[in-house]
Amino acid sequence: MTQKKKPSDLRSRQWFNNPEESELTAMYLERYMNYGLTREELGMKKPIIAIAQTGSDLSPCNRHHLELSKRLRDGIISAGGTVMEIPVHPIQETGKRPTATLDRNLAYLSLVESLFGYPIDGVVLNIGCDKTTPALLMAAATVNIPAIAFSVGPMLNGWFNGKRTGSGTIVWTAREMLARGEIDESELIDLIASSAPSTGFCNTMGTASTMNSLAEALGMQLPGSAAIPAPYRERGQMAYATGKRIVDMVWQDLKPSDIMTRKSFENAIAVNSAIGGSTNAPIHLNAIAAHLGLELNNQDWQDIGYDIPLLVNLQPAGEYLGEDYHHAGGVPAVINEMMAHDLLPHPDAATVNGASIGENCANTKITNTDVIRPLDNPLQQKAGFIHMTGNVFDSAIMKSSVISADFRARYLENPDDPNALQGTAIVFDGPEHFHHSIDDPALNITENSILFMRGTGPLGYPGAAEVVNMRPPNYLLKAGIDALPCIGDGRQSGTSGSPSILNASPEAAAGGPLAIIQNGDPIRIDLNTGEVLLQIPDTEIEARFEKLVRDGGYPIPDSQTPWQQYFRALSGPLSDGMLLQDAQNYQNIAAKFTPRHNH
């Protein structure tokens, strides 16, 4: 280990061992000793390591961190550190209403203040459920003290009648089964509950597994950490190793800005395509990059990731689940296979263990070639995101890896107009409108309809809800039409297999063109040019915008809490990472500033 810092360089000594401010040092020590810590642990030669604790009863996906943090503590103490476990604002995708996306920026702000304003030398980031990973990485990037991420891990595989049931993914399947009359409401609950057999986050390649895999691809986790299921003994062993490693990182002064470079983000984009990752990934990685002073945009995701094949056969794009992913080799096996074919942009990118990502993953074999496919037998050749533009929005994302054979045959294989489709708009103003009216025959929804969901972005919902993936009406489902084209200014769950065009910016509530679309409008979607076009005369478009302005803009519900009001006032569009206004201007703040004394 190459040590850059001496004990006298530790940030925490400004609180606990500052000979120039002995009276204040005494005051800081006094209260932190009141539960049994000693001066030796606080102010001598031991770095103080925070565990950013995201586990709680409100956050069942991350709750196991309460247990795993005991092993983190063991590792930190064995390496010579002192532990301070600090709470992080809870984020639970399936519990928070109106949407957990509101909490990402709030958790980010909270952790920035905790890491900057308290005597912390390094931090373990307890990541897991969807938004916890970006919130914690954003905060670590802003403060820029040594940091390492530690995943809680996915749930065990779900099973129902001998078949794998994937968390989240089975929800959308079960809803369609209920609409067809194949199951009743009690069976719906039983089927969905079967997908959550243990502690941990979604066992599918939803946003949680995606973001945890990408945290490893970014270099912020120890190799192999992302995919270990939460209940496995290896998860506790990885916690111990992570705790030991963060102490060394403090002495080496190895910071997020040293690891999460442009090279790392390009690697993560390529890996996202190979694993069939979530459409929420661009929102979050674009935001993390911005807090490091790096520009990352939706076009980068197509330019770097579109041509990468789909290798990981996990629901919703495939068949298997999280336990299978781990046993097949996880992220290191995927990256090793990519490197063997020169598909990882930067094998030399740095990681938290001091080795490069290429060194960490070299020679990691795929142990089940049906779960992680070799490059000569991918699930799909070109599996990255398509960046969509046009006159309906400036930027949106489409996930090509979940375009099913039936959807492709029905909509994208016209020999006279391949990879494009024409349809007519059916517009829903929020999920309530959709749920209450989707099965109404009076809407005259046909297989040639294109479903629009609006009023569901950061400003309109507020918070950008996961509501864009919409099922067809029950009468079309019964006729064998399982999916319709969907477009919206909100998000959709990474567990959804719908090839929606989503995260559309600007959103309707911000005056975007989605606000003027009407039922029956002709729409063209062209994957060749990456455009979605509202095919009405420009004069009609202008007239509709003028009316929208006269009517006071697109109507949005009132804010119900102070944070909802602040979030709406300060958060940007999904295409830019939903950043808080001006937050990206605060970079490397622990090195730039020393907080003023409090007395």
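This is a dialogue on how to read several features of one predicted model.

Trainee: What should I know about the model before reading it?

Mentor: The model is predicted, so local features need pLDDT of at least 70 and side-chain atom pairs count only at pLDDT 80 or more, while totals for chains, interfaces and linings use all residues. Residues are numbered from 1 along each chain as its sequence is written, and side-chain values use heavy atoms, with hydrogens and water left out.

Trainee: Which domains does UniProt place here, and at which residues?

Mentor: UniProt positions are given in the numbering used here, with feature names shortened, and annotations may be inferred rather than shown by experiment. An unreviewed entry places "domain: Dihydroxy-acid/6-phosphogluconate dehydratase N-terminal" at residues 46–360. Helices (H or I, at least four residues) and strands (E, at least two) are DSSP runs, numbered from the N terminus. Residues 46–360 are 49% helix and 9% strand, with end C-alpha atoms 29 Å apart. For residues 370–573 the values are 20% helix and 22% strand, with the end C-alpha atoms 38 Å apart.

Trainee: How many residues are in the largest nonpolar core, and which of them touch the most other members?

Mentor: In soluble globular proteins, nonpolar side chains tend to be buried together. A nonpolar core is a set of buried Ala, Val, Leu, Ile, Met, Phe, Trp, Tyr and Cys residues joined through side-chain atoms within 4.5 Å. Buried means under 20% relative accessible area, exposed over 50%, and partly exposed in between (1.4 Å probe, protein chains only). The largest core here has 125 residues, and Leu-125 and Tyr-325 touch the most other members. Helix α6 (residues 132–143) supplies the largest share of this core, 8 residues. Setting aside residues up to four places away in sequence, Leu-125 touches residues including Leu-111, Leu-136, Ile-148 and Phe-150, where contact means heavy atoms within 4.5 Å. A second, separate core of 50 residues includes Met-388 and Ile-523.

Trainee: Is Ile-183 buried or exposed?

Mentor: Ile-183 counts as buried because its relative accessibility is 14%. It lies in the loop between α7 (169–180) and α8 (185–193). Beyond its neighbours within four places in sequence, Ile-183 is in contact with Ala-174, Met-177, Leu-178, Leu-188 and Leu-191.

Trainee: At what angle do α12 and α13 cross?

Mentor: Axes are lines fitted to C-alpha atoms, for helices over the stretch in contact, and angles run from 0 to 180 degrees between N-to-C directions. Angles under 35 degrees count as roughly parallel, over 145 as roughly antiparallel, 65 to 115 as roughly perpendicular and the rest as oblique. The axes of α12 (residues 262–275) and α13 (residues 281–291) cross at roughly 175 degrees and come within 11 Å. The two helices are therefore roughly antiparallel to each other. Phe-265, Ala-268 and Asn-272 in α12 meet Ala-281, Leu-285, Ile-288 and Ala-289 in α13.

Trainee: Which peptide bonds are cis, and where is phi positive?

Mentor: Most residues other than glycine have a negative phi, and most peptide bonds are trans. The bond from Arg-97 to Pro-98 is cis, with omega near 5 degrees. Another cis bond joins Ser-505 and Pro-506, with omega about 0 degrees. Phi is positive at Asn-419, near 60 degrees, and at Asn-588, near 55 degrees. Asn-419 counts as partly exposed at 27% relative accessibility.
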